[in-house]
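Colleague: I'm new to this one and could use a guided tour. Can we go through it a feature at a time?

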Amino acid sequence: MYVAAASDEMIDRSGRLRTAWVPVMEAAYTIGPDELARRAVSLNRQMHLAAPFGASTAREYDPLPAPLTAMEFAVLEVALAQRARLLNAALEDLYGPQTLLRDGTLPPSLVFSSPHFIRSLHTVQKLAVPRMTFYAADLIRGPHGGFQLLRDHTGIIPGLGHALSLRRLTAGTVPEIFRAGGLRSLRPARDMLTDHLHREAQGGLVAVLSARAASPAEAQDMTDDALLARALGVLLIEPGDLAARNGALHMKTLSGLLRVATLIRGLSGIELDPLEQGGRPDAGVPGAFGAVRAGLLALLNMPGSGLLEGPAFAPYLESLFAPLLGETPLLERAAAETAPSHAPFVNGAALESRPMMFRLFAWHDGQGWQVLPGGLGFGISSQAAPLGNAGVKDLWVLEAEEPHFIAGAAPAEPPARPTFLAAANLPSRVADNLFWLGRSVERLEAAARLLMLALPRLESGTSLPRDAAERRLISRCLAQAGLLPADLSGGAVSGRLLRSALVRRKPVAGLLKEVSRLVNAASERLSPSMLATVRFALNQASEALPDEENALPSILSFAATFAGIAAENMLRDGGWLFLEMGRRLERGETLAEGLSLLLDGPPERLEPGLGLGIELADSVLSYDLRHAGILAPAPVLAMLLADAGNPRSLAYQCAVLCNCLKRLGADDDAEATRQLQHRAVELAGAATELRPALAAIAADLRLLSDHVQRRFFTLLPEAHQLEDQETLEAAQ
Amino acid sequence: MLYRLRHSTTYDYAQPVVMSTHFMHLLPRERPGQRVREADLEISPRPETRRNESDYFGNPTTTVSLTTPHQRFSVSLSATVEVAPKPPPPPEATLGWETLAAIAIQDPQVAEFCLSSPLAQPSDEINAYVGPSFSPGRFVLEGLIDLNRRIWDDFAYRPGVTSVVTTATQALQARAGVCQDFAHLMIAALRTLGLPARYISGYLRTLPPAGEVRRRGADQSHAWVSAWLGPEFGWVDLDPTNNLLVGEEHVTLAWGRDFQDISPLRGVILGGGRHTLRVGVDLDPILT
């Protein structure tokens, strides 16, 4: 039973369902309360799993949209555009001629005492880009039905990424509510925005600038930044990806520096440029302000535009309409006592009536202000209460009866967009993360596979010489893989000893943690659905963990999921190439090292090692089918070393590596792997002296790995601030 | 007075610097009573790019980037500057300090120098210190001269006890410091009363005029205070490190709210390891 508030979005004063809500509520009733509750949980899990960088937010997402009628939106559209014009005009003045201060419209201390007044970006000439390109307004609907303003967002625009993405994600969870249609699509507006951004960038890169993955606290909302980058189809980058050269900003990529023309800013402007503002060089972008003043960089919004958000400004803003625009404000500010209207939010199997705040978004397209026909609805506890965890929902704008034409800059020529998919344009940091992700998943899988094989054998072996030999070999492999302390590897280890080592040292948990960290770090290169699948499998493995032994099947299942996703869902672009190289290098190295231990001995005593080798390479079935299960050196070596059709053979790893390196233009390294492949094939024909030859191949693969790292992830020395110590040192 | 000014700064790095960007306030500005006849900044090694701008306060800035590895970075300023400041008005001709504070906060050109800045923030301790110099209704210049002398009296000139990030309150607690600390303390003290004060970086003539004592802070970058006397008389400079009303012995480089606004040489470098720094300053009168 929904108890409507006195002022309710869904129910009018006479207790009737408002027309705009009919399609939404019809769908909700069709779905049924229990199912709707389940869908809400599922939507939240999706959003959580798809969140980049593992950033968990306290937000709760509500599956029910809040519809606005075409008429309501038309009124808001004009009012928002007017307010955006005003705020930008005020910023242009305060960062330029300061007429508002000279003529006494604003008290000087209002501006000069704010930390958001960034003096370095005060300019005599207007900048090529407006101080404010994006704008958002928080609104409530008062008891008489009119919208009132709670606050302006003029600096960092919170929630734009969500506003452009939430509908797509909701549509997957509650498709029923979209069937009636009749709502305005966000796509034309979003396409116009991306076209505008690329046109202005004139071939330079457009990207969203967020904090470093390692320090989410520094960005206001990294999840939103990542969603925005995805929605606009631009890169998400962090300060460390950027370098200033010749006065302009560039992104460090595998092939060198690419000029950055436009950054949508998710970082505060207060410490953005360590060169001019001081502070840690790696937390900001040294040289950014100089590039802005020289017209070589557009920061959206310009640092310092948050100035007008200060509560001290609020009482003065209304008085600026007359001098700056010659107009009266269309949107009035909410009085402190105004109670917001309520809207329904899903709360378990019930619909709960909560006060709601609307957030609408606008941007300047070079000609005028465009308002997004959508937005976000936030459940709040009262007007003044902090936002966030009382539900976030999609705002709908319903179609007018008459067809609606979108006005704005005519999309003349589709602007040239630089292609990011080319391997060469991948940010070095991203390639680095993917390379190590590939390695660490493979390492985890190999450890799980080895433990699965080792535990039962060490437990149940007889004292027959063959079994004893097998146990010794397994112990050596375990020590080599770091799953047993090295001092235990001398003799044969018992199952009990291995178990107690696992309990004490928790090696699998450590490997899984590293995989998890790298999945987060590389998350921007995985699509939301891929990310959700990978995280789900990862969570299952982690949950099984404290007991390392029982977790092994879930870990193998995670590894299989991951491999499947990489094979079937990733474009074979730069990112995939590095993931693949990481996996192949790790697998090749592990195989060569493992075999060098297992095949250490005269040909007549190789049998136990051959059997284990086949098992570790997951090739038992294929071998049995081909050779009727009779173990002999030649066919085993052919299958493990030389078989180009076996995805777990050494030759196969080398062939794939060679291919990846060729595609990356690293012809010399490709040639080195081709020779390694040749050596592996040759080795399969020789049944003696395997150990040194295999150890040499493993060593060469390690060298290759170092070389790939040096080649692609240019290890520049760390930047630091040259402290200005002159006053001090000179005086000593 | 016509001066020949030389200021050289040299960084020697233990390891090569691969790349660097520097942002400098090292060219002298124009101001009433000071004309820059010529000024040149020689930078070695030769930068790839060099951009000259004027900052928010009207000070010249130079941004350079170097992309060739180097182990030494040096910047040399040589300039000819003419100084002819207007003598200050008689103190009793200036406004009462409360009246002046009320005008200043409304004046968009002056207001921000009444407000706190990172290194010169008012505090209770500073407020207690400044009180005796500004009794109710006192002429502002009288109070300024008194405060200037008291700081010179009460504080020890002692290099090494403070750093470039020492605040006015910390300097007050230490009762010692260098010119930068004397200036920050006086600025913060004036701001607790709502009086506008600027931080000035510049130079003091190397050898004093005949018969005068050698000044503190010659032979190096110096810093002092500029205070506003109202629309009629404008800005007057005081040097609390030497208990002087600034006349013809000082050459202004730049001004801001405090040191941070006009740090002479900032940089972000890649590589370099440890460095040593050498600075040389000469300000000599040109006899005409």
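Predicted model: local features only at pLDDT ≥ 70, side-chain atom pairs only at ≥ 80, totals over all residues.

Colleague: Which domains does the assignment give for chain B?

Modeller: Chain B gets domain 1, made of 2-83 plus 263-285, and domain 2, covering 91-261. Taken over C-alpha atoms, the centres of domain 1 of chain B and domain 2 of chain B are separated by 25 Å.

Colleague: How many residues does each domain of chain B bring to the contact?

Modeller: Domain 1 of chain B brings 20 residues and domain 2 of chain B brings 19 residues. On the domain 1 side, the elements giving two or more residues are β1 (2-24), β5 (70-83) and β14 (275-285) of chain B. β14(B) gives the most to that side, with 6 residues.

Colleague: And what kinds of residue make up that side of domain 1 of chain B?

Modeller: They split into 12 nonpolar, 4 polar and 4 charged.

Colleague: Now the two chains. How do I read where they touch?

Modeller: As a general idea, the size of an interface is often given as the accessible area lost when the parts come together. Here we'll go by residues in contact: 37 residues of chain B meet 39 residues of chain A.

Colleague: Which elements of chain B give two or more residues to the side that touches chain A?

Modeller: They are β1, β3 (49-54), β4 (60-66), β13 (265-271) and β14 of chain B. β13(B) provides the largest share of that side, 7 residues. By type, the side of chain B that touches chain A has 17 nonpolar, 15 polar and 5 charged residues.

Colleague: What does the domain assignment give for chain A?

Modeller: Domain 1 is 1-119 + 132-181 + 327-403, domain 2 is 186-300, domain 3 is 426-570, and domain 4 is 576-589 + 608-732. Between the centres of domain 1 of chain A and domain 4 of chain A, over C-alpha atoms, there are 53 Å.

Colleague: Let's finish on a single residue. Is A:Phe578 buried or exposed?

Modeller: The idea is to count neighbours: 20 or more other C-beta atoms within 10 Å makes a residue buried. A:Phe578 counts as buried because 29 other C-beta atoms lie within 10 Å. You'll find A:Phe578 in helix α19 (residues 574-598) of chain A.

Colleague: Which residues is A:Phe578 in contact with, leaving aside neighbours within four places in sequence?

Modeller: Those are A:Ala431, A:Leu434 and A:Phe435. Look at A:Val430 too: A:Val430 and A:Phe578 are 148 residues apart along the chain, and their C-alpha atoms are separated by 9.2 Å.

Notes. Residues numbered from 1 in each chain as written. Chains lettered and ligands numbered in written order. Domains from an automatic or database assignment. Contact = placed C-beta atoms within 7 Å. Helix = DSSP H or I, 4+ residues; strand = E, 2+ residues; numbered from the N terminus. Nonpolar A, V, L, I, M, F, W, Y, C, P; charged D, E, K, R; others polar. Buried ≥ 20, exposed ≤ 12 C-beta atoms within 10 Å, placed from the backbone.
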